[in-house]
Amino acid sequence: MTTFFTILILTYSVQGEELQMHMVYETEAKCSAAIAVAETLVAEPLAAQCIKSNLISWSPRPQARPDDWGQY
């Protein structure tokens with residue numbers, strides 16, 4: 001199964017100032033797990049969202065070898 005990089009967007013408030021953080025995860029499952037951890041760490045209101053990108057993080061298909069493979 002092909003997986004895609006997923007971006008975690010966290011929006012939260014610190015002393016009345018709104019902050020936003022973006023983090024990249026290899027899978028949607030890892031991103032979702034990070035949301036659960038973030039919710040336990042932040043006491044202030046928190047908005048969290050995982051957005052799947054179109055960039056492949058893993059594919060079961062073999063990768064082509066470079067043309068200079070084995071020449072070193």
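**Close-up views of a predicted model**

**View 1. Tyrosine Y12 and its surroundings.** Y12 is placed in strand β1, which spans residues 3-14. The structure shown here is a predicted model. Apart from its neighbours within four places in sequence, Y12 is in contact with E17, E18, L19 and M21, and also with V42, P45 and L46.

View 2. The side chains of T11 and Q20 are joined by a polar contact of 3.1 Å. When neighbours within four places in sequence are left aside, the residues in contact with T11 are E18, L19, Q20, P45, L46 and A47. T11 counts as buried because its relative accessibility is 17%, and buried means under 20%.

**View 3. The disulfide of C31 and C50.** The structure holds 1 disulfide. A disulfide is a covalent bond between the sulfur atoms of two cysteines. Here the bond is formed by C31 and C50, with their sulfur atoms 2.0 Å apart. The link of C31 and C50 is left-handed, with -100 degrees about the S-S bond. C31 lies in helix α1 (residues 28-41) and C50 in strand β3 (residues 46-58), so the pair ties together parts that are 19 residues apart in sequence.

**View 4. Accessibility of the two cysteines, C31 and C50.** C31 counts as buried, at 0% relative accessibility. C50, by contrast, is partly exposed, because its relative accessible area is 22%.

Note on methods: Residues are numbered from 1 along each chain as its sequence is written. This is a predicted model: local features need pLDDT of at least 70, side-chain atom pairs count only at pLDDT 80 or more; totals for chains, interfaces and linings use all residues. Side-chain values use heavy atoms; hydrogens and water are left out. Helices (H or I, at least four residues) and strands (E, at least two) are DSSP runs, numbered from the N terminus. Contact means heavy atoms within 4.5 Å. A disulfide is a pair of cysteine sulfur atoms within 2.5 Å. Buried means under 20% relative accessible area, exposed over 50%, partly exposed in between (1.4 Å probe, protein chains only). A polar contact is a pair of N or O atoms within 3.5 Å; within protein, one must be able to donate a hydrogen and the other to accept it, and residues adjacent in sequence count only if both atoms are side-chain atoms.
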